[in-house]
Amino acid sequence: MAVLAGKAALVTGGSRGIGAAIVLRLASEGASVAFTYSSSSEQANSLVEKVAAAGGKAIAIKADAADQEAVRAAVRETAKQFGKIDILVNNAGIIVLGSIDEIKEADFQRILSVNVHSVFTATQEVLHHMPDGGRIVHIGSVNSERMPFVGGSVYALTKGAIFSFTKGLARDLGPRNITVNNIQPGPVDTEGNPASGPFAETLLGLMALKRYGKAEEIAGMVSYLVGPEAGYITGASLLIDGGFAA
Ligand SMILES: NC(=O)c1ccc[n+]([C@@H]2O[C@H](COP(=O)([O-])OP(=O)(O)OC[C@H]3O[C@@H](n4cnc5c(N)ncnc54)[C@H](OP(=O)(O)O)[C@@H]3O)[C@@H](O)[C@H]2O)c1
């Protein structure tokens, strides 16, 4: 069912993990999808081919989210290719762990650039190309609400910023009928947080459901939020976390 036929989307950090699942899902629903990545060219190219093989359209744009001019250029390139951008998914994100006495200034600046500054930049730039009625979705984290272990303060800070930014943006963009929402996943099995990784046992011990989420489950929530049934949802931060925050 091509519910997104005729729509154009931009997904940041779309070459792997949750972002790649979002690219596949939106393309399968008929959207033309551009996505950014910073280094994984091979995975980006194979994702473009995978989408094409399934009859969809995707383009990959190399743009480091820590480089704000590159982010603006990626938005402009997407608009040039597709003529407009109906859907923006701010997904690119990194995790930097360390207790407050260990975190280095450079690491603090980098995570702020990628997880927060690039969300501001992409959103501001996209608004020049987004028709009224567009959709903006951020991929935040359950850690904006619950950070139950040592070493996650700065990551939580960035995702807390996205939680608050979502509310303010929803107010700014309501008059244009553009919705802005924030998906807050719990542990999702990706290269960034593998289900077989060193944190798995601790994380599962904190959850109501004793399993990691799948990237496709997050993509399903994005699909709902950008689809025709979700037009009355804005300013919301929605948990999809296996009961991590319950
Ligand atoms: N996995 C989880 O458990 C979990 C839970 C809650 C929230 N999240 C959030 O979900 C989002 C995606 O996480 P993930 O687990 O899918 O991560 P991932 O497996 O590490 O994949 C990250 C994606 O973002 C891209 N990326 C990373 N740094 C980038 C940069 N500086 N510029 C442009 N693209 C960049 C990567 O491509 P390159 O390698 O080419 O840079 C890749 O496509 C993040 O915002 C993360 O905070 C994840």
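Student: At what angle do helix H4 and helix H5 pack, and how far apart are their axes?
Tutor: In this predicted model, H4 (residues 105–126) and H5 (residues 153–173) pack at an angle of about 15°, with axes 9 Å apart. Axes are lines fitted to C-alpha atoms, for helices over the stretch in contact, and angles run from 0 to 180 degrees between N-to-C directions. Helices (H or I, at least four residues) and strands (E, at least two) are DSSP runs, numbered from the N terminus.

Student: What should I know about the model and its numbering?
Tutor: Residues are numbered from 1 along each chain as its sequence is written, and side-chain values use heavy atoms, with hydrogens and water left out. Because the model is predicted, local features need pLDDT of at least 70 and side-chain atom pairs count only at pLDDT 80 or more, while totals for chains, interfaces and linings use all residues.

Student: Back to the two helices: is H4 roughly parallel or roughly antiparallel to H5?
Tutor: With that angle, H4 is roughly parallel to H5. Angles under 35 degrees count as roughly parallel, over 145 as roughly antiparallel, 65 to 115 as roughly perpendicular and the rest as oblique.

Student: Which residues make that contact?
Tutor: From H4, they include Phe108, Ile111, Leu112 and Phe120. From H5, they include Tyr155, Lys159, Ile162 and Phe165. Contact means heavy atoms within 4.5 Å.

Student: How do they divide by class?
Tutor: The contact of H4 with H5 has 13 nonpolar residues, three polar and one charged. Ala, Val, Leu, Ile, Met, Phe, Trp, Tyr, Cys and Pro count as nonpolar, Asp, Glu, Lys and Arg as charged, and the others, Gly among them, as polar.

Student: And how do H1 and H2 pack?
Tutor: H1 (residues 17–28) and H2 (residues 41–53) pack at about 20°, and their axes are 10 Å apart. That makes H1 roughly parallel to H2. Ala20, Val23, Leu24 and Ala27 of H1 meet Leu47, Lys50 and Val51 of H2. By class, six of these residues are nonpolar, none is polar and one is charged.

Student: Val23 came up there; is Val23 buried or exposed?
Tutor: Val23, in helix H1, counts as buried because its relative accessibility is 0%. Buried means under 20% relative accessible area, exposed over 50%, and partly exposed in between (1.4 Å probe, protein chains only). Leaving aside neighbours within four places in sequence, Val23 is in contact with residues including Val33, Phe35 and Ala58.

Student: New topic: where is Asn91, and what does Asn91 touch?
Tutor: Asn91 is in the loop between strand S4 (87–90) and H4. Its relative accessible area is 11%, so Asn91 is buried. Not counting residues up to four places away in sequence, Asn91 touches Val11, Thr12, Gly13, Ile18, Gly19, Ile22 and Ile139.

Student: What about the phi of Asn177?
Tutor: Asn177 has a positive phi of about 60° although it is not a glycine. Most residues other than glycine have a negative phi. Asn177 is found in the loop between H5 and strand S6 (179–185), and it counts as exposed at 51% relative accessibility.

Student: Last one: which residues does the UniProt domain annotation cover?
Tutor: The unreviewed UniProt entry carries the annotation "domain: Ketoreductase" for residues 7–186. UniProt positions are given in the numbering used here, feature names are shortened, and annotations may be inferred rather than shown by experiment. In the model, the span of residues 7–186 is 46% helix and 18% strand, and its end C-alpha atoms lie 29 Å apart.
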